[in-house]
Structures are given as structure tokens and as C-alpha cells.
Amino acid sequence: MKNNILNFKGTKDGVYLNIKGSDFQFINKELDKRINQYLQFYQGAKFLGVKAQDLTEEQILEINLMLKYKHGFDISLEELHQEFKNVFSKYKVDPIEKEEDSSQGEEGLTKFIHGTLRSGQMIKYDGNIVVVGDVNPGAFLKAKGNIIVLGTLRGVAHAGLNGNTKSIVAAYNLLPTQLRIGDIIVRAPDEDVARYKVPEVAKIHNGEVIIEPYLPNK
Amino acid sequence: MDNEKLGTAIVITSGKGGVGKTTTSANIGTGLAMMGKSVVVLDADIGLRNLDVVMGLENRIVYDLVDVVEKNCRLKQGLIRDKRFEKLYLLPAAQTKDKSAVKPEQMLELVGELKKEFDYIIIDSPAGIEQGFQYSIAGADQALIVTTPEISAVRDADRVIGLLEAKGVYNPKLIINRIRPEMVKKGDMMNMEDISDILAIDLLGVVPDDEEIVISTNKGEPAVIEGKSLAGKAYMNITKRIMGEEIELLNLDSNNESTFNKIIKLLFGK
Amino acid sequence: MEFLKFFSRKQENSKEVAKERLKLVLVHDRSDLSPKLLDMMKGDIIRVISEYADIDKENMAIKVTKMKSEKDIAPVSALVANIPIIKIKDNKKSAI
């Protein structure tokens with residue numbers, strides 16, 4: 001047994017937890033096993049934080065969260081908040097939005113609209129939107145997930161409302177006034193371009209919105 | 001821009017719908033930009049926006065008038081630059097809101113801001129005399145009344161002139177749209193003297209009923225740009241008159257008058 | 001130019017009809033008086049004047065127009081009455 005993986009170190013100000021190694025699962029198990037011993041020993045001392053060179057910021061955050069909520073360590077919310085910020089600044093999204101993004105991994109719920117959406121109408125939904133009908137100019141679709149139109153899309157469609165760049169917009173006849181996916185906004189070119197007479201899918205590729213014909217795999 | 005010099009805010013209004021307010025706004029705004037002025041055309045018809053399509057800028061809209069007055073975005077973000085003229089901008093109306101979204105005080109503040117940056121602010125007012133009309137005229141220094149040679153349109157124009165006076169917007173100018181010279185000649189359509197006499201306000205210009213307007217609207221390119229059509233010429237003249245030039249009224253007959261008529265005129269001086 | 005009249009068609013132009021109708025409508029629009037109120041006023045005026053004179057009720061006209069006032073920039077409404085008097089009555093009332 002490697003005893004030196006977890007090491008509580010007392011100073012005159014309080015106690016640090018030093019963690020060596022990068023096997024997160026193993027560290028977790030060790031922590032569960034040994035925590036009570038340490039707790040008894042350092043009862044009453046101020047906890048100053050976790051030091052771990054080989055772990056990522058996310059992992060350190062997770063350990064902090066466990067220490068606070070599972071083992072009752074006295075870690076202030078401000079400290080945790082700061083750590084959250086450090087971690088999520090890498091993704092350039094607020095922690096809250098990140099949480100919602102993760103739900104997108106499960107695609108979210110889907111709203112079905114039957115009929116034509118007309119100018120001035122707006123549908124906003126936290127999941128995907130499927131329109132069984134047309135979307136006229138001046139109508140607005142906003143979805144956190146994907147947008148599918150089983151008809152002609154002439155209005156404005158915004159998929160991936162929270163910055164999800166994996167979202168797509170697809171339509172049987174894709175002629176939008178404007179398309180938005182995540183934070184990217186594109187509009188139809190001013191001059192006419194050749195169009196495919198097939199359903200088309202718009203998605204982000206290398207930071208740009210591309211539109212490609214939908215060709216079923218044969 | 002010179003801080004002390006403020007621009008002029010002109011509201012285009014009519015009372016009656018469908019007389020050509022939006023077309024007039026687009027053409028005057030574009031015309032002023034063609035003359036080198038910095039211009040914002042402001043679509044005040046919340047819920048029924050159209051100035052964007054007439055100017056061919058509908059696919060560039062991200063923010064709108066309501067976003068700007070509610071400060072969801074900066075003023076600069078709401079302004080859409082025209083694709084042809086560098087000094088021409090559109091502030092589009094919101095489409096998914098209604099007229100209650102903007103208050104006269106907000107409009108007054110907004111127009112005040114715009115006047116600091118631009119030479120002209122052209123406000124395309126909605127039809128009617130309700131809320132939309134009230135906030136449209138809130139910041140206006142001048143008003144242009146658009147009417148067509150029909151009783152219903154002239155009557156509504158008269159009502160609007162009275163309302164403008166009540167709100168302290170005096171000396172509105174008249175634009176008569178969709179005049180059909182051949183009908184005027186037959187005596188089956190009121191002519192410009194008839195209308196301006198009845199309304200008792202100054203005539204700024206007359207625009208003939210011109211197929212070219214339909215074509216230019218289809219293309220999203222105001223007729224004043226091409227400038228070859230009678231309507232386009234008429235709008236350019238109106239633009240110049242707004243800028244203070246003295247320009248004679250367009251001879252609407254020049255294009256479709258037969259040689260026979262011209263000779264008669266020469267002979268009898270009529 | 002007499003001979004040119006040969007070419008002109010109908011006498012009554014629809015434009016003239018339009019102008020007359022429009023003027024009439026505007027008279028009412030420009031006042032805040034409803035036709036009903038105007039009728040009531042007319043009735044009252046007839047009653048009062050009839051005490052002093054016989055009037056031609058058929059040919060009298062009361063209307064509201066806009067007039068430019070001297071001091072105000074905005075025009076003001078004015079009531080214009082044209083009441084033909086047939087005969088002044090004996091001034092009984094004032095004698096009492």
C-alpha cells in the first residue's frame with residue numbers, strides 16, 4: 001500500500017492535503033478509506049486546501065467538493081466558487097450554462113410544431129424543435145438543441161442557443177433569411193447561388209457554418 | 001462629427017395604410033445617403049416590419065428597435081449598415097413584439113442619441129393614429145405626410161395633420177404618391193393642386209404610380225438608386241428639396257405624352 | 001380652343017365629385033362635433049331665433065370649419081351659421 005499518496009501536512013496556519021500521483025480513482029478510494037483517521041488527528045485545525053501537482057483542476061475541484069459535502073470539511077463557498085471559475089474559464093462558458101450543456105448530451109426533449117409558422121411568431125424551446133410544416137419569413141425558431149423543418153425554412157433559425165456548436169439546422173427546403181448556430185450568425189448570400197433540390201443540413205465545421213445536401217447513406 | 005451640430009429627425013406618416021410610407025422612407029433615406037449625408041432609417045412599425053425587405057437588408061438583422069430601447073444591445077449593434085451606401089443605416093423594427101414595447105419617452109431619447117451621430121433620421125411610422133403613431137412622432141423635428149389621390153387617404157392625412165399640430169409638430173410637408181397622369185388629365189383623379197388646397201399644407205413632391213416601384217421592391221433596391229424611372233427621379237427631387245434645394249416639380253407627362261399633344265401645346269401654348 | 005371641346009367627354013368629372021365629398025367629410029372631421037350634436041345645436045338656434053324672427057328653415061346652414069386664428073399657430077374651429085330671415089317678428093317680448 002502506498003501510504004504517501006495522501007499526506008496531510010500541518011503548518012502553523014492550518015492543514016494542507018498533499019496528493020501525489022495521477023490515478024484519480026485510486027486516490028478517491030484511498031481518501032474514502034483514510035479520511036476518518038486524518039479527521040480525528042487534525043480535529044479543529046483549519047483546512048487550507050488541496051495540493052496536487054499531477055491532478056487536473058477539475059479533479060482537484062471534485063476532491064474539494066467531496067471533502068466539503070461528503071466529509072464535512074470547512075471549505076468556504078467563495079473558495080469553491082473561485083475554483084469553479086478557474087475550471088470553467090477554460091471552456092469560456094459560465095458554470096450554469098455548462099451544466100445545461102451537459103444535459104444536451106442527452107439531446108433534451110423535442111417540441112413538435114404542426115402547421116405553418118408565420119411572420120412574427122417565435123418558438124423558443126429548451127430542447128430540439130421539429131416543425132411539420134413551413135417556417136415563413138419573419139418567423140423565428142430558437143432551440144437549445146437541433147432544429148428540423150419538414151418543409152420550407154424561410155425565417156430565422158437559431159440552433160444551439162447556449163453556444164452548443166454541435167447543433168444542426170436541417171430542412172427539406174433550406175432557404176433561411178438568417179441561420180444561427182451557437183454564436184455564429186450567417187445570412188443568405190446577396191447574389192443567387194445554385195441550390196440543391198434536396199434536403200439540406202447546416203452545421204458548424206471548423207468554426208464556420210456549412211450547408212450540405214442531406215444524402216441518405218446507400 | 002461636430003458635437004454642436006445636430007441632425008434632423010423626419011417622421012414619414014399618413015394615417016391610412018398602404019399609401020407608400022415605407023417605400024417613401026426607403027427612397028428618401030437612400031437618396032439622402034446618395035447625396036453624401038449620413039442617414040438612419042428607423043422602422044417604427046413594430047410587429048409589421050417591412051423597411052428591411054424594401055431595402056434588401058432583411059437577412060442582416062440581429063438586434064432591433066426594441067432591443068435598442070430596452071438596452072439589450074448597444075445602439076451601434078442595432079444599426080445595420082446598408083450594403084450599397086456606407087453612410088446609410090437601418091434600425092429595424094422588432095417583429096415578434098407589439099407596439100406597446102416602445103414608449104414615446106424611449107423614442108425621444110433614442111432619436112436624440114441618433115441626432116448626435118447622423119445628419120438625418122428618417123422615421124417610418126406605422127399606419128393608424130394609436131400607440132405606434134404616438135411614439136413615432138415623439139422625437140421628430142419635421143413630418144412628411146404621404147397620401148394618394150383618393151378620398152380615404154386624403155381624409156386620413158387631414159386627421160394626422162391635426163394630430164401632429166396638437167403634438168407640436170407644425171408645418172408638415174405633403175407627398176402625393178401614386179398619381180396617374182392619364183387619369184388626372186381625364187379628370188378622374190384629384191390632382192396635386194386639388195389635394196394640397198384641401199389639406200392646406202406645402203407640397204414637397206409628387207410621385208407617379210410607377211411599375212418600377214414594384215420591381216425595385218421585389219429586388220430590395222429603392223428606385224432612387226437606379227434613378228431612371230419617373231418614381232426614382234421624383235424621389236430624388238424630393239430628397240433634394242428636403243436638403244433645401246429648389247427644384248421644380250417633375251413633369252409627369254414627359255414620358256407618355258404623344259407627339260401630337262406636344263405639337264398642340266406648341267401651337268396653342270396650352 | 002372651342003374646337004378642342006369636341007374631344008372632351010363627360011361633363012361631370014369623378015374628381016369633382018371626390019373633391020366635394022371630401023370637403024364635406026373634412027368639415028365634420030375637423031370639428032370635434034358629431035353630426036348629432038350639430039343637429040341639436042341647429043334645433044336650439046332655430047328655436048331661439050324663431051322667437052324674434054321668421055326664418056327660412058329650408059335654406060339655413062350651420063357648419064363647423066377650421067380657421068387660422070391671429071395669435072395661434074394651430075387653426076381653431078369656428079361655427080358658421082347662415083340663417084335667411086324672412087320677417088322680423090313684432091317685438092312683443094322686449095316690450096314686456
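In chain A, among contacts (heavy atoms within 4.5 Å) with a separation of 6 or more, 29% are between residues 24 or more positions apart. Please bear in mind that this is a predicted model, in which local features need pLDDT of at least 70 and side-chain atom pairs count only at pLDDT 80 or more, while totals for chains, interfaces and linings use all residues. Residues are numbered from 1 along each chain as its sequence is written, chains are lettered from A and ligands numbered from 1 in the order in which they are written, and side-chain values use heavy atoms, with hydrogens and water left out.

Let me stay with chain A. It has 4 helices and 14 strands; these are DSSP runs, numbered from the N terminus, with helices (H or I) of at least four residues and strands (E) of at least two. Of the 218 residues in chain A, 38% are buried, where buried means under 20% relative accessible area, exposed over 50%, and partly exposed in between, with a 1.4 Å probe and protein chains only. The chain exposes about 13500 Å², and carbon and sulfur atoms supply 50% of that area. Accessible areas come from the Shrake-Rupley method with a 1.4 Å probe, and for residues only the protein chains shown count as cover.

I turn to the sheets of chain A. Two strands are said to pair if DSSP finds at least two bridges between them. One open sheet has 3 strands in the order S1-S2-S3, with mixed pairing. Strand S1 (6–10) and strand S3 (47–52) of chain A are at its edges; each has a single partner strand, so one side of each is left without a neighbour in the sheet. Neighbouring strands of this sheet are turned by 20° against each other on average, direction ignored. Axes here are lines fitted to C-alpha atoms, for helices over the stretch in contact, and angles run from 0 to 180 degrees between N-to-C directions.

Within this sheet, 5 bridges pair S1(A) with strand S2 (residues 15–19) of chain A in the antiparallel sense. Opposite Leu6(A) stands Ile19(A) in S2(A). Helix H2 (residues 57–69) of chain A packs on the sheet, where it touches S2 and S3 of chain A, and its direction makes about 145° with that of S3(A). Helix H1 (residues 24–41) of chain A lies across S1 and S2 of chain A and runs at about 40° to S1(A).

The other sheet to mention is also open, with 6 strands in the order S4-S6-S8-S10-S13-S14 of chain A and mixed pairing. Its edge strands are S4 (110–114) and S14 (208–213) of chain A, each of which pairs on one side only. On average, neighbouring strands of this sheet are turned by 25° against each other, direction ignored. S4(A) and strand S6 (residues 128–132) of chain A run parallel and are joined by 5 bridges. Ile113(A) has Val131(A) as its bridge partner in S6(A).

I now move to chain B. Which residues does UniProt list for "binding site"? The unreviewed entry lists Lys16(B), Gly17(B), Gly18(B), Val19(B), Gly20(B), Lys21(B), Thr22(B) and Thr23(B). UniProt positions are given in the numbering used here, feature names are shortened, and annotations may be inferred rather than shown by experiment.

Lys21(B) is placed in helix H1 (residues 21–34) of chain B. Is Lys21(B) buried or exposed? It counts as buried because its relative accessible area is 6%. A polar atom of its side chain lies 3.2 Å from the backbone oxygen of Lys16(B). Leaving aside neighbours within four places in sequence, the contacts of Lys21(B) include Thr13(B), Asp124(B) and Ser125(B). Thr22(B) also lies in helix H1 of chain B, and, with the neighbours within four places in sequence left aside, it is in contact with Asn50(B), Leu51(B), Val54(B) and Asp124(B).

Thr13(B) belongs to strand S1 (residues 8–13) of chain B and is buried, with a relative accessible area of 0%. Its side chain makes a polar contact with that of Ser125(B), at 3.1 Å.

Finally, Gly220(B) sits in the loop between helix H10 (211–219) and helix H11 (223–226) of chain B. Gly220(B) counts as buried because its relative accessibility is 3%. Although 164 residues separate Gly220(B) from Gly56(B) in sequence, their C-alpha atoms are 4.0 Å apart in space. Not counting residues up to four places away in sequence, Gly220(B) touches Val53(B), Val54(B), Met55(B), Gly56(B) and Arg84(B).

A note on one term: a polar contact is a pair of N or O atoms within 3.5 Å; within protein, one must be able to donate a hydrogen and the other to accept it, and residues adjacent in sequence count only if both atoms are side-chain atoms.
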